[in-house]
Structures are given as structure tokens and as C-alpha cells.
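Please read them alongside the sequence and the coordinates.

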Amino acid sequence: MKIYISADIEGIAGIAHWDEATPDKPEYGAFRERMTEHVAAACEGAIAGGATEIVVKDAHEGGRNILAERLPRCAQLIRGWSEHPLLMVQELDPSFDAVAFVGYHSMAGSGGNPLAHTLSSSTVFRMRINGQPISEFHLYAYAAGTLGVPTALVSGDRELCTEVRAISPLTRTVESMVGVGDSTIARHPDTVREEVRAGMQAALGDDLTPALIVPAGPYGLEIEFEKAAAAYRCSHYPGARLVEAHTVGIEVEDYFDVLRALTFMV
Ligand SMILES: [Zn+2]
């Protein structure tokens, strides 16, 4: 069995400030370790559930957070960014049996995590597909779904877990914390880690067909930027238009064209 794991840090238990997610800050080391432990737990659970091959994408900031030596030997680690439109699920293809998202977080414009954002923490206020606000989880679970790969498990803040259950009730969720204003109320990191491990193992024993998250096309992507100038610049992308001063929109038939547009717009 071949499993893909995409990992971020802003939904890792207890994180509450950008300094804890930023490599040149002293607080970062502890959260990098915690992210690594939770990804390793997902790998261990996957192996216990029958995985023989695992690909991990380090999908936070520069893509250089996870400590490779802590992962099992059957795991390959993708570090850095190729800038391929699959971005946070780079190299995912139909040969994988399932995908998991570890340490993911609520969407831009949400109050569910002090570090909530979608792709950019500084430029994007909100992103929508067919009128529905979307997170990084939606973007890449949809990408996996269109490749025929179901989403087995998601770990992250409570609001994200609620969003996951709303579109895929059979995807297992592991809640790491609740965001309140600029604070987080977190579960113990070891409890979350153990649940990620157990959840992965159990998920791979399920029939994952119902956890295939495929959005209905065609796709109307809208990006509401913090600055009008960013929307104006993106309105020159082929097929894009200015919806209003801060918002650019584009309609596409193929979901991959949503990801392609994002590569150039955000
Ligand atoms: Zn991140």
C-alpha cells in the first residue's frame, strides 16, 4: 500500500504565534520537533495499517522543517518547493492508495486558528470555489480526489476538523486544539500524536472509497486579496477578471487549472 502525507505546522498542537512557525526564531525548534513527531506517528500508523511505501511532503514555509532521520525508512521526504501546481501534494498521482494531511489549519478569514491563512499569510483575505470558502485542506484534498486518491485522515485545529467532516464524514479527523482570538487551547501533544498514529492505522483498514473528495465542476475560483493592487495584477492572468477591487475571479473546467492559476496568482 502506498500512502502520501502532506504536513504543515500551523495546526500542530499548541502553536499560537508566527514566531513558533518561523525558522529563524528561537521558539521554532520545539514546534519543528513536534511537527516531526506527529508526521512520524502518521507514518508508523500507516505502516501498521499495511503501508509499504510512504511519501511525505514537508509543506510549511521553505519546506525544510521535518527531521528526516526520525521518519521510518520506507518514507521518502520531499523538501523545498518545485513550484509544480500540486504544491502541497507535489508528486501525488493515482498510484497512491490514500492521502493524509497532518498539522493543517483553518482557512484565511477564519477565527479558528490565530495562524489561519490560505497559501499566503499576508496577501490573501479569503479564497472561494463556487462560492464556498476554502482552505489549503480543500485545495489539496480536491486535487487528490481528482487523481482518485481518498483522504484518510486530517489533523489540525477544531474548525478545520469541522470543515473536513462537513465535506467528507468518513475521513478521520484528529483535533489538536481550538483557536480563540490570538490564543490556542491545545490538547496534550502526546495525546494528539497517539491519536494520529491510531487514526492512520484504523483508516487504512476502512473502505476509503467514500473518502474520495471530488468537487463538482466547472470551478469558479475567487481570490479576495488584502490589497486591490494584487487583484488588479492577477486580473491579467488568461481568463481572469476583476470581480471587484480586491477580488479576482476565473472559471475553469479542469480542476488542475484552479491549481495552475493559484501558482501564478498567490
Ligand atoms: Zn504552514
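1. Two strands are taken as paired if DSSP finds at least two bridges between them, and the strands (E, at least two residues) and helices (H or I, at least four residues) are themselves DSSP runs, numbered from the N terminus. The model is a predicted one, in which local features need pLDDT of at least 70 and side-chain atom pairs count only at pLDDT 80 or more, whereas totals for chains, interfaces and linings use all residues. Residues are numbered from 1 along each chain as its sequence is written.

2. With that criterion, strand β2 (residues 53–58) has parallel partners in both β1 and β3: 6 bridges join it to β1 (residues 2–7), and 4 bridges join it to β3 (residues 75–78).

3. Helix α1 (residues 28–48) forms a right-handed β-α-β unit together with β1 and β2, where right-handed is to be understood as a path that runs clockwise from the first strand over the helix to the second, with the strands pointing away from the viewer. The helix has 21 residues and reaches 30 Å from its first C-alpha to its last, close to the 30 Å expected at 1.5 Å a residue, the expected span being 1.5 Å times one less than the number of residues. Because 15 of its 21 residues are buried, α1 is largely enclosed by the rest of the structure. Gly50, which follows the helix, has a positive phi, near 115 degrees.

4. Is His60 buried or exposed? His60 lies in the loop between β2 and β3, and it counts as buried because it has 22 C-beta neighbours inside 10 Å. Leaving aside residues up to four places away in sequence, His60 touches Asp8, Ile9, Ala21 and Asn65, a contact being a pair of residues whose C-beta atoms, placed from the backbone, lie within 7 Å. For Ile9, the separation from His60 is 51 residues in sequence but 6.2 Å in space, C-alpha to C-alpha.

5. Helix α4 (residues 189–205) has 17 residues and reaches 25 Å between its first and last C-alpha atoms, close to the 24 Å expected at 1.5 Å a residue. Its buried residues include Val192, Val196, Met200 and Leu204, and the buried residues of the helix pack against α1, β4 (98–104), β7 (151–156) and β8 (172–175).

6. Strand β5 (residues 124–129) pairs with β6 in the antiparallel sense over 2 bridges, and Arg128 stands opposite Pro133 in β6.

7. The chain is divided into domain 1 (2–123 + 134–211) and domain 2 (219–265), with bounds that come from an automatic or database domain assignment. Taken over C-alpha atoms, the centres of the two domains are 26 Å apart, and 8 residues of domain 1 are in contact with 10 residues of domain 2. On the domain 1 side of this contact there are 5 nonpolar, 2 polar and 1 charged residues, where Ala, Val, Leu, Ile, Met, Phe, Trp, Tyr, Cys and Pro count as nonpolar, Asp, Glu, Lys and Arg as charged, and the others, Gly among them, as polar.

8. Some backbone geometry deserves a look. Gly217 and Pro218 are joined by a cis peptide bond with omega about -5 degrees, and Pro218 is placed in the loop between α4 and β11 (219–225). Glu83, in the loop between β3 and β4, has a positive phi near 75 degrees although it is a residue other than glycine, and it is exposed, with 8 other C-beta atoms within 10 Å. Leu119, which is not a glycine either, has a positive phi of about 65 degrees; this residue is in the loop between β4 and β5 and counts as partly exposed, with 19 C-beta neighbours inside 10 Å.

Key
A residue is buried if 20 or more other C-beta atoms lie within 10 Å of its own, exposed if 12 or fewer, and partly exposed in between; C-beta atoms are placed from the backbone. Two residues are in contact if their C-beta atoms, placed from the backbone, lie within 7 Å.
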